[in-house]
Amino acid sequence: MLVLRNAAINDMRQYFSWANDELVRQNSISVKVVAWEDHQKWFKNKINDKNSFLFLAESERNLIGQVRFDCENSGAGAVISYSISNDFRGLGLAKKMLKQAIEKISKECPRIEIIKAKIKITNIASNKILIRLGFTEQDKTKQIIDYRLEL
């Protein structure tokens, strides 16, 4: 069973580990390794930002992955990003995690009408997952696909 919870300050090291995972970096828009000092500052800001929602997915006390929503200035849209722990990739958990996170953000922040995502074309798994969850392709460059999901 997959359970989502809000991230807390004591999750900072886990997020740091995931942020610097080799495959996560490879699939991220920014491939640069994140320094601990930069991560601490970023994480503290995100945890305290009323326009950011950080969720952790757990199963039987194992941390599966994370989902983040950053609300846009107008408030009606949010950008989603996520990652799955290396130990749980390829098991179909990303789709379940994202589906639960979208349901959770819809309840916790009903003003959100649109969820957007930017995914590298080479990130085949994430592209497939978003399409299966009902996201539609909005724009495509040589490297990135912009997706949109209307709630």
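This is a predicted model: local features need pLDDT of at least 70, side-chain atom pairs count only at pLDDT 80 or more; totals for chains, interfaces and linings use all residues.
Student: Is Asp21 buried or exposed?

Tutor: Buried means under 20% relative accessible area. Because Asp21 has a value of 19%, the word for it is buried.

Student: How many residues apart in sequence are the parts tied together by Lys116 and Glu72?

Tutor: The side chains of these two also form a salt bridge, at 3.2 Å from N to O. Lys116 belongs to strand β5 and Glu72 to the loop between β3 and β4, so the separation in sequence is 44 residues.

Student: Which residues are linked in a network of salt bridges?

Tutor: The structure holds nine salt bridges. The residues linked in a network are Arg5, Asp11 and Glu58.

Student: Which element supplies the largest share of the largest nonpolar core?

Tutor: This core has 33 residues, and Phe69, Ile80, Ile115 and Phe135 touch the most other members. Elements that each supply at least two residues include β2, β3, β4 (77–84) and α4 (93–108). The largest share is seven residues, and the element is α4.

Student: Which side of α5 do its buried residues take, the same side or opposite sides?

Tutor: The buried residues in α5 are Ser126, Asn127, Ile129 and Leu130. They cover an arc of only 165 degrees around the axis, which means they are on the same side of α5.

Student: What do the buried residues of α5 pack against?

Tutor: Ile124 and Arg132 are exposed on the other side of this helix. The buried residues, by contrast, pack against β4, α4, β5 and β7.

Student: How many bridges join β2 to β3?

Tutor: Let's look at β2 from both partners. With β1 (residues 3–6), β2 pairs in the antiparallel sense over four bridges, and Leu4 has Ala57 as its bridge partner. β2 and β3 also run antiparallel, and the number of bridges joining them is eight.

Student: How many residues of β2 are buried?

Tutor: β2 is mostly covered. Of its eight residues, the number buried is seven.

Student: What phi does Glu60 take in the hairpin of β2 and β3?

Tutor: Ser59 stands opposite Asn62 in β3, and the hairpin has two residues between the strands. Glu60 is exposed, with a relative accessible area of 69%. Its phi is positive although Glu60 is a residue other than glycine, and the value is near 45 degrees.

Student: Is Arg61 buried or exposed?

Tutor: Arg61 lies in the loop between β2 and β3, and has a positive phi of about 70 degrees. Exposed means over 50% relative accessible area. At 83%, Arg61 is exposed.

Key
Residues are numbered from 1 along each chain as its sequence is written. Side-chain values use heavy atoms; hydrogens and water are left out. Buried means under 20% relative accessible area, exposed over 50%, partly exposed in between (1.4 Å probe, protein chains only). A nonpolar core is a set of buried Ala, Val, Leu, Ile, Met, Phe, Trp, Tyr and Cys residues joined through side-chain atoms within 4.5 Å. Two strands pair if DSSP finds at least two bridges between them. The arc is that of the directions from the helix axis to the C-beta atoms. Contact means heavy atoms within 4.5 Å. A salt bridge is a side-chain nitrogen of Lys or Arg within 4 Å of a carboxyl oxygen of Asp or Glu.
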